[in-house]
Amino acid sequence: MNRVRIATTWLDGCSGCHMSFLDMDETLAAVADRIEIVYGPLVDAKEFPDGVDVTLVEGAVGNAHDREELERIRERTHILISFGDCAVTANVPAMRNQFKLQDVLKRGYVDNVSHHPAVPDAGVPKLLERVRPLHEFVAVDLFLPGCPPPSEAILLALTDLLEGRTPEVQGKTRFGA
Amino acid sequence: MTTPSYTPDPTPYVRRDVNPVRILTFTIDGRDVSAREDETILSVARQNGIFIPTLCHLDGLSERGACRLCIVEVKGAPKLLPSCVTLPRQDMEVTTNSDRVADYRRKILELMYSERNHVCSVCVSNGHCELQNLSVVLGMTHVRYDYIYPKHAIDASHERFSVDHNRCVLCQRCVRVCDEIEGAHTWDVMGRGITSRVITDLNQPWGSSETCTGCGKCVQVCPTGALSEKGKSVAEMIKRRQFLPYLQMMRREGRRAVAEGIR
């Protein structure tokens, strides 16, 4: 039997949604023989593979790398799930949107440091002017709000997809915690 | 302050012996209902157990029609009508939950989210917020409009309370409760359209307001985390609204007593 190929990743987020994913505990083990996690922080693959059935994308789009990664994921994924409030609303990362990017960088790397004040420009992706939710860049198939989404809601969405149903998560999760 | 030219009264005591109220019949979602001519469609729907979502409405305050979430379809009317400020007519046919109504309600909710910075996860009212709950009830899982991310300040100049305009939905419950119940009229709305915001006195820091009595009624009726008690952290702000029906009842009985010459 072909296992359903699942990937997870996080962009501009805190990994909390992945913690909630792991909180599925033994229920995750129960579906383990029907899924294969092919990419993500939980496994070793270095590059996002082709032909992924379901991808859970945590985090907002905050920099150029996030954007490229998201577009690559969209090309290679059948069902893309906007996973958690940062992905769905841009949430806490978007709180910097009220300020100019240069002011944010200056505040973080120049004003508040006592040693080598300088905005880093090498080896790090360029920040976008504003942090945005996923669906402002690519088509999203399912929205799973929550900070984080409760593990029951993640399990419900995954099992519905495994059974070939359209997930109905209304009332199971909401914005915020 | 000048003396107001009239006293706003959400539930006026009118002598029914000389002003008999008419009873009329109409339908809500195909059900025959009867109503007094001075009752709103929302009120009649609630009496009949028919759910209409609301945000700016609060039992005990006058109606403002600010949020537009209670819109309903009325047969023959091209526009959707806010049921909290629309009175029924004889034989009117009201629909509370068509696809068209549900779609507009969702859009209204999304526009509210896009207009300010509602970051539920770090909000004092997380878990106790009427806006947050409405997104669940109306099945709104994401906002299809671009967020505006406006820059709004927090006024924490008051000794006990603070106002965070990032979370305000302009329902004007604070304005109404301060005016109609407390009688101070500290709150009002300044600006127009998307630049509107609630202000204290003549747009001065809340802490320097000369009219604010510090009663905190505005904080308790606020549906979101816009108005909160100081010292409350994320998800800790639980609003206490029990005072409102009691105050209303006592005042209504008082007016009745005066009108009937009991005292």
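## Where the chains meet

How many residues does the contact take from chain B and from chain A? In this predicted model, chain B puts in 19 residues and chain A puts in 23 residues. Sort the chain B side by class and you get 9 nonpolar, 8 polar and 2 charged residues touching chain A.

## Chain A in outline

Let's take chain A as a whole. Its secondary structure comes to 6 helices and 7 strands, and along the sequence these follow the pattern β-α-α-β-β-β-α-β-α-α-β-β-α. If you'd rather think in boxes, the C-alpha atoms fill one of roughly 55 × 35 × 30 Å along the principal axes.

On the inside, buried residues account for 38% of the 177 residues in chain A. As for contacts in chain A with a separation of 6 or more, 79% of them link residues 24 or more positions apart.

Most residues other than glycine have a negative phi, and most peptide bonds are trans. The peptide bond joining A:C147 and A:P148 is cis, with omega at about -5 degrees. You'll find A:P148 in the loop between β7 (142-144) and α6 (151-162) of chain A.

The other exception is A:H116, which isn't a glycine but has a positive phi of about 45 degrees. A:H116 sits in the loop between α5 (101-111) and β6 (127-132) of chain A. Is A:H116 buried or exposed? A:H116 has 7 C-beta neighbours inside 10 Å, so it counts as exposed; the cut-off for that label is 12 or fewer.

## Two domains in chain B

Over in chain B, the domain assignment gives domain 1 (22-97) and domain 2 (102-248). The C-alpha centres of these two domains of chain B lie 25 Å apart. Where they touch, the contact takes 16 residues from domain 1 of chain B and 22 residues from domain 2 of chain B. On the domain 1 side, the residues that touch domain 2 divide into 10 nonpolar, 3 polar and 3 charged.

## The five-stranded sheet of chain B

Strands of a sheet pair through backbone hydrogen bonds, either parallel or antiparallel. One sheet in chain B is open, with 5 strands in the order β2-β1-β5-β3-β4 and mixed pairing. β2 (31-36) and β4 (81-82) of chain B stand at the edges with a single partner strand each, so one side of each has no neighbour in the sheet.

β1(B) and β2(B) run antiparallel over 6 bridges, and here B:I28 has B:R31 as its bridge partner in β2(B). Their hairpin has 2 residues between the strands, and B:D29 takes a positive phi near 50 degrees there. On the parallel side of things, β1 (residues 23-28) of chain B pairs with β5 (residues 93-95) of chain B over 2 bridges, with B:T27 opposite B:E93 in β5(B).

B:D91 is not a glycine, yet its phi is positive at about 70 degrees. With 10 C-beta neighbours inside 10 Å, B:D91 counts as exposed.

## The three-stranded sheet of chain B

Chain B also has an open sheet of 3 strands in the order β6-β7-β10, and here the pairing is antiparallel. Which strands are at the edges? They're β6 (154-155) and β10 (227-229) of chain B, each pairing on one side only.

β6(B) meets β7 (residues 161-164) of chain B over 2 bridges, in the antiparallel sense. In this pairing, B:D155 stands opposite B:V163 in β7(B).

Definitions and conventions: Residues are numbered from 1 along each chain as its sequence is written. Chains are lettered from A and ligands numbered from 1 in the order in which they are written. This is a predicted model: local features need pLDDT of at least 70, side-chain atom pairs count only at pLDDT 80 or more; totals for chains, interfaces and linings use all residues. Two strands pair if DSSP finds at least two bridges between them. Helices (H or I, at least four residues) and strands (E, at least two) are DSSP runs, numbered from the N terminus. Two residues are in contact if their C-beta atoms, placed from the backbone, lie within 7 Å. Ala, Val, Leu, Ile, Met, Phe, Trp, Tyr, Cys and Pro count as nonpolar, Asp, Glu, Lys and Arg as charged, and the others, Gly among them, as polar. A residue is buried if 20 or more other C-beta atoms lie within 10 Å of its own, exposed if 12 or fewer, and partly exposed in between; C-beta atoms are placed from the backbone. Domain bounds come from an automatic or database domain assignment.
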